[in-house]
Amino acid sequence: MSRRSDPRPELFDKITSLAKRRGFVFPSSEIYGGAGATWDFGPLGVELKNNVKRSWWRAMTQLRDDVVGIDGAILMHPRVWEASGHVENFVDPLIECGSCRKRYRIDELPDGDALMVRWRAGALDSSGMPCPSCNEKRLSQPRKFNLMFKTFVGPVEDSASVAWLRPETAQSIYVDFENVQQSMRRKLPFGIAQIGKAFRNEITPGNFIFRSREFEQMEMQYFCHPSQAGALFDQWKGVRKAWHRALGTPEEWLRFRDHAMDERAHYAAAATDIEFRFPFGWKELEGIHNRTDYDLKRHAECSGKNIEYFDDERKEHYVPNVVETSVGADRATFAVLCAAYDEEPDKEGTRVVLRFTPELAPYKVAILPLSKKPELSGLAGEVWAKVRPHVMSTYDETQAIGRRYRRQDEIGTPLCVTVDFDSLTDRQVTIRERDSMAQVRIPIDELVPTLKAKLRG
Ligand code: GAP
């Protein structure tokens, strides 16, 4: 595999163009000029993202006996967001250039991390700073911009009917903690996992699906005794990095970045990002946080409901502490696209291959009759009918076979099955592997178990 450990800036253009051309991701509402950093997943993109989500769900719930799942509502009681601190604090500092009108989050400006520290301390004066775009020194003072989308429930648009599109899925997990713990008769420590949509009115969305205004999160809150939170935080760091590795991401494309004290939310005892080497640099892929008892305590205070847990082994009442893991499904999908993209020289110039693991590949198998002749189409259709109940597969009979192999390589299909004229008499077909391009011929009767074994690896 030629260049997998070498992310280059041009990779970004290659991936975004392939994603559009081959039906992974389209700009939303494109015929109207787009809809501001929202994206539609096309036929292959929805398969890929569903596979990422399925892998996360399986690893976090099905394969563990200490985590259960929920699917909470997007619209919640507005006081949830007051309790969580989002109404007051879920803000980005926005600076606008008085000359060219360009808007920036402070952290995007040169030396942004240091500027953020000064802003948090209330000591940032941006008046003498040059605009990175036009160089004029006419930047405004930072102003707080709340990232939540506001809407109204019911026919009247007044302050009593305000609702927010959730900016994270985590809050329904906190709010449902007691319902889940009691209905499922869980003892601490245990976790609650959720996959769902989240919405943020980002000031500067961009970098394709890396930062959009509507996205999906895969979040898990692990509830525990306060004395366990530190060790569990370290454990979850390892578990989550191993999951990214199992998706096929090379070790050297992942790293941890621990948050400094002045960068963390005041209630977080520890926070780390799993960063991925995107084509535009190292950026957050997943966040892992030790959120102490902050969220449950705040919901207890604001709702008036006692959310204490009675630990019958310790004979102790306490508010559980929470270790959170939070990763964007869209961002994780983008990361696996980047990690899978590969090019290698071949007779026709360059072979582009998405080296997805079989678990992630949108199609696992492509059935390819050597020609469009009706006698071959008949047998190839019969072969596809055998295969499709077992694995996600596709069928393609247009253009030369070499072109069709390349097309499947480019969308990451691990195996192609070719039906040729000999197949009509010997009832055998050829399996061609994407990565090695090796070919083996096997009886049609053995095809399904052979494909399954090859996909298991
Ligand atoms: N509940 C904690 C939380 O939401 P976060 O760091 O704000 O923490 C967690 O978000 C993850 O959600 C990020 O690591 C990223 O993968 C994803 N994410 C956040 N904002 C996003 C956006 N605007 N577009 C796409 N993904 C986003």
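Q: Is Trp164 buried or exposed?
A: Buried. This is a predicted model, and in it Trp164 has a relative accessible area of 12%. The cut-off for buried is under 20%.

Q: Where is Trp164 found?
A: In strand S8, residues 162-164.

Q: What is Trp164 in contact with, leaving aside its neighbours within four places in sequence?
A: Ile74, Leu75, Pro78, Trp81, Val87, Met148, Phe149 and Lys150. Take Leu75: it sits 89 residues from Trp164 along the chain, yet their C-alpha atoms are separated by 6.5 Å.

Q: Switching to salt bridges. How many does the structure hold?
A: 43. One of them pairs the side chains of Asp342 and Arg355, at 2.7 Å, N to O. That pair links distant parts of the chain, 13 residues apart. Asp342 is in strand S17, while Arg355 is in the loop between strands S18 and S19.

Q: Are Asp342 and Arg355 buried or exposed?
A: Asp342 counts as buried, at 1% relative accessibility. Arg355 counts as buried too, at 7%.

Q: And what about Asp435 and Arg434, how do their side chains meet?
A: In a salt bridge of 2.8 Å, N to O. Asp435 counts as partly exposed at 34% relative accessibility, whereas Arg434 is buried at 4%.

Q: Which residues do salt bridges with shared partners join into one network?
A: Asp342, Glu344, Asp346, Arg351, Arg355, Arg406, Asp409, Arg432, Arg434 and Asp435. Asp409 is also among the buried residues of helix H12, residues 401-411.

Q: Which other residues in H12 are buried?
A: Arg404, Tyr405, Gln408, Glu410 and Ile411. Gly412 follows the helix, and its phi is positive, near 85 degrees.

Q: Now the surface. Which residues make the nonpolar patch of about 230 Å²?
A: Leu370, Phe421 and Leu424. Leu370 is in the loop between strand S19 and helix H11. Its relative accessible area is 36%, so Leu370 is partly exposed.

Q: What volume does the second largest pocket have?
A: About 310 Å³. Its lining has 14 residues, and Val175, His299, Ser303, Lys305 and Ile307 lie nearest the centre.

Q: Which helices each supply at least two residues of that lining?
A: H3, H6, H7 and H9.

Q: How many cavities of 30 Å³ or more does the structure hold?
A: Two. The largest cavity has about 50 Å³ of space. It is lined by 11 residues, and the closest to its centre are Leu247, Gly248, Val336, Ala339 and Ala340.

Notes:
Residues numbered from 1 in each chain as written. Predicted model: local features only at pLDDT ≥ 70, side-chain atom pairs only at ≥ 80, totals over all residues. Heavy atoms only, no water. Helix = DSSP H or I, 4+ residues; strand = E, 2+ residues; numbered from the N terminus. Buried < 20%, exposed > 50% of the residue type's maximum accessible area, 1.4 Å probe, protein only. Contact = heavy atoms within 4.5 Å. Patch = residues over 30% accessible without salt bridge, like charges linked within 9 Å, V, L, I, M, F, W, Y side chains within 5 Å. Areas by Shrake-Rupley, 256 points an atom, 1.4 Å probe, with all protein chains shown as cover. Salt bridge = Lys/Arg side-chain N within 4 Å of Asp/Glu carboxyl O. 1 Å grid on protein atoms, 1.4 Å probe; cavity = no way out; pocket = protein on both sides within 12 Å on 5 of 7 lines; lining within 4 Å. Points joined across faces, edges and corners; volume = space filled by probe spheres on them.
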